[in-house]
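Student: I am new to this structure and would like a close look at one part of it. Could you pick a spot, walk me through it, and then show me how it sits among its surroundings?

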Amino acid sequence: MTDSEDASMTFWEHLEELRRRLIVIAIAIGTFSILSLSFGRPIEAILRFPMETSISNILAAIIDRTVGVEGSMMGFLSVSLKAGASNVEAELLKIGPVEGIKAYLKISITSGFLLASPIVLYQIWAFIFPALTRKERRYALPLFFVIVVFFVIGVVFAYLIVTPTVLHFADSLFPTAKDMWDIEKYVNFMTGLLLGFGIAFELPIVMAFLSWIGVVDSRGFRAKQSYAAVGIFVMSALLTPADPLSMFLMAVPLIVLYQLGIFFAFLLERESESHA
């Protein structure tokens, strides 16, 4: 067998492996999406949760769970936060006969993607893993978990903090007007925020990877902070719905994550120097 035939076989084997990985990804997303269709009432509760809670309620719940001392200063703060909390009195409307169906399908697909994301990321890593060197493989599994954790943190942050804040801000504008929101637009707003924040919170991982392959080092990232801040606001505008508040609520954490990315890049450089 010639070298060209070996290369051809290797190429087709890689394609076959990629095909199998993509099939597993599609099955995982499809399975979780179908399962999500069976939980109509919980899905409705998940949709309404950001309207029925606020940062004040969340902070009060954290105080109650961590401190929980009645009569203390923290207990008084918890009661004060609960007293100042308010719900968004909004009606979700189905404008048209298929709007509810479209919104339901979007929720199920988004839920399927979020629930299957660990499997998706694992399949991607399993495809890339054989091509890595022994040194690179040492970092593959920890990096996989870090990617999953940062994506989940971004989604949770968007769901518990950003979405209630934006909804309460929108409710406070024109207070005499009744809130009647199209359910499909509301679902688009929520899914856009959740996925956008999940992707955006991978910024430190991307920065560490760029440093690892030698594109930019930590000093380069530090020198370009002003340009990075502009880029972060542009990216926030693209990844969030078209309102200034959600863009701001994404941009500020990303600026903090940019600093974390510089730290990750610095740690990788120190690790490389120690093994040089």
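Tutor: Happy to! Let us begin with His-168, which lies in helix H6, residues 134-172. Keep in mind that this is a predicted model. Is His-168 buried or exposed? Its relative accessibility is 17%, and because buried means under 20%, His-168 counts as buried. Now look for Met-51, which is 117 residues away from His-168 along the chain.

For another view, move to Val-234, which has its place in helix H10, residues 225-239. With a relative accessible area of 47%, Val-234 is partly exposed. Ala-251 sits 17 residues from Val-234 along the chain, and 8.8 Å separates their C-alpha atoms.

Let us step back to the protein that holds these residues. It has eleven helices and two strands. Starting at the N terminus, the elements follow the order α-α-α-α-β-α-α-β-α-α-α-α-α. Of the 276 residues, 33% are buried. Among contacts with a separation of 6 or more, 81% join residues 24 or more positions apart. The accessible surface is about 16,600 Å², and carbon and sulfur atoms account for 71% of that surface.

Next, a pair of helices. Two packed helices are described by the angle between their axes and the distance between the axes. For H5 (residues 99-128) and H7 (residues 183-200), the axes come within 9 Å and cross at roughly 15°. Angles under 35 degrees count as roughly parallel, so H5 is roughly parallel to H7. Their crossing is left-handed. On the H5 side, the contact is made by Glu-99, Lys-102, Ala-103, Lys-106, Ile-107, Thr-110, Phe-113 and Leu-114. H7 brings Ile-183, Glu-184, Val-187, Asn-188, Thr-191, Leu-194 and Leu-195 to the contact. By type, the residues of this contact are eight nonpolar, three polar and four charged.

Finally, visit helix H8, residues 203-212. Its buried residues are Leu-203, Pro-204, Ile-205, Met-207, Ala-208 and Ser-211. Just after H8 comes Gly-214, which takes a positive phi of about 85°.

Methods: Residues numbered from 1 in each chain as written. Predicted model: local features only at pLDDT ≥ 70, side-chain atom pairs only at ≥ 80, totals over all residues. Heavy atoms only, no water. Axes fitted to C-alpha atoms, helices over the stretch in contact; angles between N-to-C directions. Helix = DSSP H or I, 4+ residues; strand = E, 2+ residues; numbered from the N terminus. Parallel < 35°, antiparallel > 145°, perpendicular 65-115°, else oblique. Left-handed = near helix turned anticlockwise from the far one by under 90°. Contact = heavy atoms within 4.5 Å. Nonpolar A, V, L, I, M, F, W, Y, C, P; charged D, E, K, R; others polar. Buried < 20%, exposed > 50% of the residue type's maximum accessible area, 1.4 Å probe, protein only. Areas by Shrake-Rupley, 256 points an atom, 1.4 Å probe, with all protein chains shown as cover.
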